Amino acid sequence: MKKSVTTNLRNPRSKQPPRPVQIVGTGSYLPARVLTNADLEKMVDTTDEWIITRTGIRERRIASEQECTSDMGAQAALRAMEQAGVGGEQIDLIVCATLTPDMLFPATACLIQQKIGAKRAAAFDMEAACSGFLYGLEIGQQFITSGTYETVLVVGAEKLSTIVDWEDRSTCVLFGDGAGAAILRSRGDSHGILTTCMGADGSQADILLMPAGGARFPASRETVSGRMHYLKMAGKEVFKNAVVAMQTAALQALQKCNLTIDDITCVIPHQANIRILEALAERLELPMERMYVNLDRYGNMSAASVAVALDEAARAGRFQRGDLILMVAFGSGLTWAAAVVQW
Ligand code: UT7
């Protein structure tokens with residue numbers, strides 16, 4: 001029997017009871033082109049064996065030149081809308097989590113709005129790197145819980161292939177392109193997002209970043225010749241932080257709703273490295289069978305990773321209505337986040 005759970009759905013200024021928010025539809029989109037480890041062996045000094053043993057990744061998807069982050073985000077959104085039975089005109093707000101927007105401005109969320117016909121929707125981008133989709137869920141939940149909006153679309157979409165340095169073997173083997181989306185609504189039942197938690201530590205901003213292209217180092221001959229428009233990562237430092245931050249966020253979220261890991265049917269983590277996930281599972285005392293893993297097929301898709309994994313796991317029947325799931329992520333910023341959902 002399921003134990004009773006507590007939630008953080010409290011609006012201190014409202015006299016109304018909290019409105020639990022449900023994920024009423026999910027969708028994902030992966031570009032057709034597959035880049036295998038064998039392909040990478042021809043591009044940089046690496047081996048299939050090194051990549052599999054150090055990361056667990058076998059292949060990743062790469063978007064075509066014409067296919068932008070907003071195109072992939074819109075495809076994922078349309079699939080989520082179809083599953084939810086929600087038309088474009090019913091969407092009140094679009095939150096797009098991405099660190100690879102089509103352009104610095106306008107927001108990719110606005111481009112998605114046009115592509116899915118969500119004419120009434122407010123739209124903005126939100127950048128919390130790999131934690132972005134879970135930050136987006138929290139934002140969407142808050143807007144619905146407060147009574148401001150009825151229907152929110154949260155998208156996590158990335159074209160990381162455009163910021164990966166294809167000459168740097170320590171990073172180019174890790175990342176892929178893709179998009180995932182979720183439609184949030186309050187159906188009036190007690191299921192839904194039970195709790196969310198988010199965190200950040202800007203003191204370690206320099207261990208995972210793209211230095212140029214913003215106001216600090218605008219594009220110039222020097223930034224281009226210095227390869228400053230590519231993602232830079234201190235892999236070992238990021239690895240250590242990822243394990244600790246995801247463990248802490250997961251336990252905090254569980255504690256907030258009076259649950260233990262044994263209550264959780266499926267954990268959907270950010271998909272960065274199989275060794276990070278194994279270390280996390282060990283610390284949480286979670287059997288790996290209850291963790292959803294797709295990084296072998298897609299690599300790390302930053303803000304799209306949890307969104308795509310959620311959609312795939314739900315469609316594969318990895319959990320049923322009423323089951324409890326835990327999503328947890330970590331990324332540049334540093335940022336981290338977790339969410340417990342009763343499906
Ligand atoms: O989404 C945000 C979160 N991102 C992450 O969580 C990523 C976290 N970090 C990692 O997943 C790992 O640190 C990496 C997979 C990036 C690297 O694994 P590692 O076990 O930390 O390897 P390392 O960086 O210590 O490198 C070990 C060796 C080095 O050679 P030497 O110095 O020992 O001779 C590297 O040069 O492996 C070498 N190496 C490679 N060899 C073959 C690094 N990349 C490659 C490669 N192929 N692709």
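Let's start at the ligand, which in this predicted model is surrounded by 22 residues. The closest of them are Thr46, Arg54, Lys236, Asn273 and Asn300. Which distances might you want to look at? Take Thr46: an N or O atom in its side chain sits 2.6 Å from a nitrogen atom of the ligand. Arg169 takes part through its backbone, where a polar atom is 2.9 Å from a ligand nitrogen. And for Arg275, a side-chain N or O atom lies 3.0 Å from an oxygen atom of the ligand.

Keep Arg275 in mind, please, as it takes us to the helices. Arg275 belongs to α9 and is part of the contact that α9 makes with α8. Helix α8 covers residues 235-256 and helix α9 covers residues 274-284. As a general point, a pair of packed helices is described by the angle between the axes and the distance between them. For α8 and α9, the axes come within 9 Å and cross at roughly 40 degrees, and that makes the two helices oblique to each other. The crossing of α8 past α9 is right-handed.

Who is doing the touching here? On the α8 side we have Phe239, Ala242, Val243, Val244, Met246, Gln247, Ala250 and Leu251. On the α9 side, Arg275 is joined by Ile276, Leu277, Ala279, Leu280, Arg283 and Leu284. Sorted by class, that contact has twelve nonpolar residues, one polar and two charged.

Now, while we are on α8, have a look at Asn241, which is in this helix. Leaving aside residues up to four places away in sequence, Asn241 touches Gln204, Ile207, Phe330 and Leu334. With Gln204 there is a polar contact between the two side chains, at 3.0 Å. Leu334 is 93 residues away from Asn241 along the chain, yet their C-alpha atoms are separated by 8.7 Å.

Leu334 also gets us to the backbone. Most residues other than glycine have a negative phi, and most peptide bonds are trans. So what about the bond from Gly333 to Leu334, cis or trans? This one is cis, with omega near -5 degrees. Leu334 itself lies in the loop between β12 (324-331) and β13 (335-342).

There is also a cis peptide bond between Phe105 and Pro106, with omega of about 5 degrees. You will find Pro106 in the loop between β4 (93-97) and α4. Asn258 is in the loop that runs between α8 and β11 (266-269).

Helix α4 (residues 108-116) packs with helix α3 (residues 69-84): their axes come within 9 Å and cross at roughly 50 degrees. These two are therefore oblique to each other, and α3 passes α4 in a right-handed crossing. From α3, the residues in contact are Thr69, Ser70, Asp71, Gly73, Ala74, Ala77, Leu78 and Met81. They meet Thr108, Leu111, Ile112, Lys115 and Ile116 of α4. By class, this contact has seven nonpolar, four polar and two charged residues.

Terms used: Residues are numbered from 1 along each chain as its sequence is written. This is a predicted model: local features need pLDDT of at least 70, side-chain atom pairs count only at pLDDT 80 or more; totals for chains, interfaces and linings use all residues. Side-chain values use heavy atoms; hydrogens and water are left out. Axes are lines fitted to C-alpha atoms, for helices over the stretch in contact, and angles run from 0 to 180 degrees between N-to-C directions. Helices (H or I, at least four residues) and strands (E, at least two) are DSSP runs, numbered from the N terminus. Angles under 35 degrees count as roughly parallel, over 145 as roughly antiparallel, 65 to 115 as roughly perpendicular and the rest as oblique. A crossing is left-handed if the near helix is turned anticlockwise from the far one by less than a right angle, and right-handed if clockwise. Contact means heavy atoms within 4.5 Å. Ala, Val, Leu, Ile, Met, Phe, Trp, Tyr, Cys and Pro count as nonpolar, Asp, Glu, Lys and Arg as charged, and the others, Gly among them, as polar. A residue is near a molecule or strand if one of its heavy atoms lies within 4 Å of it. A polar contact is a pair of N or O atoms within 3.5 Å; within protein, one must be able to donate a hydrogen and the other to accept it, and residues adjacent in sequence count only if both atoms are side-chain atoms.
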